[in-house]
Amino acid sequence: MSRESTLGASREQTLGVLGSGQLGRMFVQAAQAMGFKAIVFDPEAQTEDALSPAAQVSDGFLNAMFTDTVALQSLATQCFAVTTEFENVPAQALAYLAQAVPNVHVSPKASAVRIAQDRVLEKAHFASCGVATAPYCVIEGEADIARVPVDFYPAILKTARMGYDGKGQVTVNKAAELQAAWDGLSRAVCVLEKRLPLASECSVLLARSKDGATIHWPVQRNVHVNGILATTEVACPADAVEALRDKNLHESLIAAAKSIATGLDYVGVLCIEFFILADGSWVVNEMAPRPHNSGHVTMNGSSMSQFEAQVRVAAGLPVVEPRQHSSCVMLNLLGDVWFDGEQSAEPREPDWARVLALGSGAVGVHLHLYGKSDARRGRKMGHINITAQKLGTAWQTAALIQQLLR
Ligand code: ADP
Ligand code: MG
């Protein structure tokens with residue numbers, strides 16, 4: 001595809017998105033469903049036979065570096081609003097866009113993204129909102145290593161920037177391993193976090209409009225395997241037992257999430273991850289200034305998906321309280337299920353017909369694939385949402401699907 005493949009649509013109808021992965025794809029699809037055109041901006045070169053997930057569906061594509069101000073200017077002249085699907089877009093790109101052309105609405109703001117993309121700033125922000133984190137030390141130099149308390153281990157060393165899906169993280173079991181672990185992360189600025197005994201993990205997804213109106217979806221419960229999200233579940237009010245199970249906990253997580261968003265004067269979709277500990281206490285883990293993998297449950301369980309909310313906020317449309325009409329289990333589809341066991345080298349398409357046949361009547365089975373032709377182990381290829389009134393019913397079908405795909 002050429003460096004610039006943009007469109008003739010009017011600026012007032014066109015939204016821009018920075019980043020070109022699956023989150024961008026689903027944003028573009030939501031934008032198009034509401035009558036908008038969408039332009040994707042991404043540094044990765046596109047070829048006709050290997051288009052990125054978002055470029056496959058977008059109306060236009062700009063292939064340029066996030067630091068290319070001429071290209072950013074071009075995006076801003078073609079779109080009335082720009083958002084991001086990728087949290088590691090340099091905050092400067094958002095700041096530049098916001099002043100590139102009068103009347104281009106940029107969400108989220110550069111100031112919020114700058115904080116969310118740096119674990120050190122992020123943890124300081126959580127503290128300023130009165131929300132506790134896991135104990136941590138900032139590691140910037142040899143002296144910081146020497147200062148770590150001896151009883152701090154086991155711990156996890158995480159690069160302050162650019163980490164995702166457990167990448168840029170190393171477990172450090174004892175003091176003697178810290179130096180080598182830090183060397184292994186190229187001595188980048190890091191945070192060393194105490195490894196906590198997690199009872200569970202939750203996330204709160206919210207959307208906040210320019211005027212400060214904030215809505216949220218019900219608390220999601222997440223299971224990670226090897227640092228990558230594997231499943232998310234959420235209960236709808238009709239499943240009263242499940243929906244009320246952790247009512248007090250959920251209320252406090254939602255209150256914390258809202259104060260974190262308000263403290264950033266956040267505009268857009270924000271997802272905040274929490275760790276729940278065995279004694280029922282909790283700490284905040286991290287936040288994503290964009291739709292989130294765990295929020296994919298909103299695509300079929302809620303009256304408003306996180307991508308529709310992102311479109312609404314970006315376009316300055318009303319963001320209204322969503323209704324959780326179904327309980328939902330999301331199964332992430334990693335490239336691993338394209339392979340027959342550990343040994344097999346050749347990927348093959350999973351048997352979607354058998355999977356889809358499991359949804360009927362009271363149980364919905366919804367397949368979402370991201371258009372990635374090249375299946376690799378650990379690569380996010382898609383997800384399946386299983387909906388039902390009762391969470392337990394959704395899980396019964398989810399378990400059958402997991403068996404089929406194993
Ligand atoms: P990423 O940016 O890769 O999502 P996270 O900090 O969220 O990084 O870590 C990924 C996963 O690793 C978490 O969801 C959790 O399962 C585990 N993890 C991270 N930090 C801790 C910790 N301090 N204690 C226990 N488990 C952790
Ligand atoms: Mg995380």
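1. Asn 285 puts a polar side-chain atom 2.8 Å from an oxygen atom of ligand 1. Lys 158 also reaches the ligand: an N or O atom of its side chain sits 2.6 Å from an oxygen atom of ligand 1. From Lys 194 a backbone N or O atom comes within 3.0 Å of a ligand nitrogen atom. Taken alone, ligand 1 exposes 540 Å², and the protein buries 90% of that (Shrake-Rupley areas, 1.4 Å probe).

2. Before you read on: this is a predicted model, where local features need pLDDT of at least 70, side-chain atom pairs need 80 or more, and totals for chains, interfaces and linings use all residues. Residues count from 1 along each chain as written, chains are lettered from A and ligands numbered from 1 in written order, and side-chain values use heavy atoms, with hydrogens and water left out.

3. How many residues surround ligand 1? There are 20, and the closest are Lys 158, Gly 166, Gln 169, Glu 201 and Asn 285. Sorted by class, the shell has 9 charged, 6 polar and 5 nonpolar residues (Gly counts as polar).

4. Strands supplying at least two shell residues each include S8 (155-159), S10 (190-194) and S16 (282-288). Domain 2 (135-194) and domain 3 (198-405) each give at least three; the domain bounds come from an automatic or database assignment.

5. On cysteines, a search of the whole structure finds 0 disulfides (sulfur pairs within 2.5 Å). For Cys 137 the nearest cysteine sulfur, on Cys 190, is 12 Å away. For Cys 236 that sulfur belongs to Cys 328, 10 Å away. Cys 236 counts as buried, because its relative accessibility is 0% (buried means under 20%).

Terms used:
Buried < 20%, exposed > 50% of the residue type's maximum accessible area, 1.4 Å probe, protein only. Near = heavy atom within 4 Å. Polar contact = N/O pair within 3.5 Å; in protein donor to acceptor, adjacent residues only side chain to side chain. Helix = DSSP H or I, 4+ residues; strand = E, 2+ residues; numbered from the N terminus.
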